[in-house]
Amino acid sequence: MAEANRLAAALRYIDEQRPADPFARLKADPIGALRSAFESKVDPIINNARRTFATGGGIGDILRAYGEAGAPANAAMLRGMGTPYQEPTPVNAPPSMAPNTSYGNLGDASAQMAGGMIGDPLNAIPLAGPAARGAVAAGRAAAPAGRYAGEQLARGLEAHLMRSGGILPMAPSLPQSKMQQILESGQAPSGAPTGERSFILPRSEGMYTPGIAQIDLPRSAGGREIEFNERTQELLGSRAASNAISQAIKKGEPLGVKEWYGTEPLRQFALNEGLSQQEFDRMLAQLASASQRNPVEKQTQLGSYLWNLDKSGQLTPEKELLTNALRRQGAESGPNYIELPPNIGGLAQSAIFDRAKTIAAGDIEKALPPTDKLGTFYRNYLGNLRPVTVDVNAMHLPIMQAKQADWLVPKFVRKDDKGNVIYTVYPRKEFEEGRLSMADALKRTEFWKSAPGSAGEYSGIETLWQRAAKRAGVDPAEAQALGWYGGGDLTKLRSAPETYMANLERMARQRAKNTGKTPLQVMKDFVQGKERLGMVGIAAPAAPDLLKEENK
C-alpha cells in the first residue's frame, strides 16, 4: 500500500507538469520521440545502472558527490526498472557479506556538502521509479507495432535487465503494459506487486502475523527446573560478552534485516493461493526444519523441495532417503527411496528428511518441539519474537568474545565427504597445556562450542540476547537477526544480509530464469507444492566445512 501511495503521488505530480496531451509528440513522430526519449532519459539510466552493477559502487559521480544522500534515488531507479536491489552494506562490513547489488558510500563529508549545495538528489525519488517503469513500458508498447526505434529501445532495456538479474526475455507480442495503462488512467495499482517489480510477496499487511502470543518457550522437557552451570554463570556476568552482543546488534541495524523472521507476506500470498492455515504452518515447518547445518540458500532449496514432496503426498512413512552411504551398501533407486536433486543435500539431510515425514504426517510438535533450537526457529517464523534461536552464530559471538577457555571443545575431528578422518585436534587440552594461545583459538570458530550442551546453557545464552534486545529496544528474535549479520565478521557468517522473504523472492527469480516462468508464477507454484526454489543444476553456496565436534 505504501508503494502504491508513493506511485500515486508521483503520477499526480506528472499530471500537474505535463501538457494536455503528453503523447502528442509520440503520435506525431513516434520514431523521433522514442529516439529522443532513449537518448535523454533511458540511456543515462542504463549507463548508471550498468556502472552500479559493474563496480558495486554508487551511480557514478552522483553518489561520489552525495554519498549516502544519493542512495535513495538510485534505489528508486533500480526498483522501477525491476532490477534486484539491496540496502547498502556498511564500509566496515567484511567483503563476504557484500552482495553484488550493494554499494559503498563513496563521498566524504566535504564531497557530500558540495553535492548538497548543487542540489539534493532526494528530490528525484518520487519520479525515478515511475520514469524508469514508463521507459520500459513505452518501448514495449511500441514493439508490437513494428516500429524500429521502439522495438530497439525495448530490446535494449530487456537485454540490460536480463544481464542485471531483473526480468525475463520479452515475448514476441505483448499487450499494452500495465504502466502505460496507469499513466493514461491516472489510477494507482492495487494488490500485490508482480514478479517484475521489487516485491513478489505482498507487504501491505506488514511483516509479522498479528495476534501471535509473545511468550518464552520451555527450555527443558517435563517442566524440570533449569540450572546454570559454572561456565554459564560466568558468561552471564561477562561484560565482554554483553558488549559484543550489543555491538553486533548495532552494526546490524543499517543492513535492513531487523524483520528477518517476518513471514506474514508469505502467509498472505499462500492463503490467497488457496492454502489453508494448517498447510501454511506445515510449509513453514518444512522450511524451518531444513535450516539444520545449512546456509540460508541451501535451507530454502531443500525446504521448498521437501514441501513439494509433502504437498504431493510422497513423504509416506515407508519412504527412505537414498544417501551416498546407502549407495555404497548397494542400494539403488526404487519406489521406496527418495533421491534429492543435485546440490541440495547436506550434512544433516537424513535428520531433516526424517523430520519432514513427521511434519507431513501433521505432527509438527513432535518434529520441532519448542524446547529445541529448531522448534524455536519455527516459532520465530510464526511470529513469536520473544524466544531466541541460539544457533552457531548466536552461540559463538558471546563465548568467543568472553574468551572463556572452558567453552573450547574437548575434541575436534575433521572428516572428508566420505567420513574419513583427516585430522584430530584437542583444543581445550592444548590451551591448558599452553600449546594453543587464546589469540589463535579466536581465529578458529570450529574450536568453540557450536551449540548449547544443556537446557541451562541454552537458557543462559538466550538470556544474554534478551537482555541486549531490551537495551536496544527491539524484540529478542530481531536482536538475534541483527546480531547474526552484524557479528558476521567475528563469527565467519557466509550469508549475505537480506530478510528471509527477500531470500525467497530472489530464489524465485533465480528459478524463473532457469525455467522460463515468471517469478510470480514460480512463487505460486512453490506455495502450491509444484515447484522448488533456487537455481537449476547450480550448486548453492558452500556449507560450512565438513566437521564433527565430539565432547569426550
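Because the model is predicted, local features need pLDDT of at least 70 and side-chain atom pairs count only at pLDDT 80 or more, while totals for chains, interfaces and linings use all residues. Residues are numbered from 1 along each chain as its sequence is written, and side-chain values use heavy atoms, with hydrogens and water left out.

The secondary structure of the protein chain comprises 26 helices and five strands. Helices (H or I, at least four residues) and strands (E, at least two) are DSSP runs, numbered from the N terminus. Of the 552 residues, 49% count as buried. Buried means under 20% relative accessible area, exposed over 50%, and partly exposed in between (1.4 Å probe, protein chains only). The accessible surface comes to about 25,500 Å². Carbon and sulfur atoms contribute 51% of that surface. Areas were computed by the Shrake-Rupley method with a 1.4 Å probe; for residues, only the protein chains shown count as cover. Contact means heavy atoms within 4.5 Å. Among contacts with a separation of 6 or more, 73% are between residues 24 or more positions apart.

The largest nonpolar core has 77 residues. Such a core is a set of buried Ala, Val, Leu, Ile, Met, Phe, Trp, Tyr and Cys residues joined through side-chain atoms within 4.5 Å. W260, L266, M283, W448 and F526 have the most contacts inside this core. Leaving aside neighbours within four places in sequence, L266 is in contact with L201, F280, M283, L284, L287, M501, L504, F526 and V527. Another core, of 14 residues, lies apart from the largest one. Its members include A290, L302, Y305 and I344.

L266 belongs to helix α12 (residues 264–272), where E264, P265, R267, F269 and A270 are buried as well. The cover over the buried residues of α12 includes α13 (277–289), α25 (500–515) and α26 (519–527). G274 follows α12 and has a positive phi, near 100 degrees. In α26, the buried residues are P519, V522, M523, D525, F526 and V527. Their cover includes α12, α13, α14 (296–311) and α25. Just after α26, G529 takes a positive phi of about 80 degrees.

Strand β3 (residues 411–415) has four of its five residues buried, so β3 is largely enclosed by the rest of the structure. Four bridges join β3 to strand β4 (residues 421–425), and the two run antiparallel. Two strands pair if DSSP finds at least two bridges between them. R414 stands opposite Y423 in β4. The two strands form a hairpin with five residues between them. In the turn, G419 has a positive phi of about 90 degrees.

R219 is found in the loop between α9 (178–185) and α10 (230–236). At 6% relative accessibility, R219 is buried. Its side chain reaches the backbone oxygen of P370 at 3.2 Å. A polar contact of 2.8 Å also joins the side chains of R219 and E462. A polar contact is a pair of N or O atoms within 3.5 Å; within protein, one must be able to donate a hydrogen and the other to accept it, and residues adjacent in sequence count only if both atoms are side-chain atoms. Beyond four places in sequence, the contacts of R219 include I226, T371, D372, T376, Y458 and S459.

Side chains of opposite charge can pair when their charged atoms come close. The structure holds 19 salt bridges. Each is a side-chain nitrogen of Lys or Arg within 4 Å of a carboxyl oxygen of Asp or Glu. One joins R379 and E365 at 3.0 Å, N to O. R379 lies in α18 (residues 373–382) and E365 in α17 (residues 364–367), so the pair ties together parts 14 residues apart in sequence. R379 is buried, at 11% relative accessible area, whereas E365 is partly exposed, at 48%.

A salt bridge of 3.8 Å, N to O, links K443 and D440. K443 is exposed at 59% relative accessibility, and D440 is partly exposed at 38%. R506 and E498 meet at 2.6 Å, N to O. R506 is partly exposed, with a relative accessible area of 25%, whereas E498 is buried, at 10%. Salt bridges that share partners also join R511, K517, D525 and E531 into one network.
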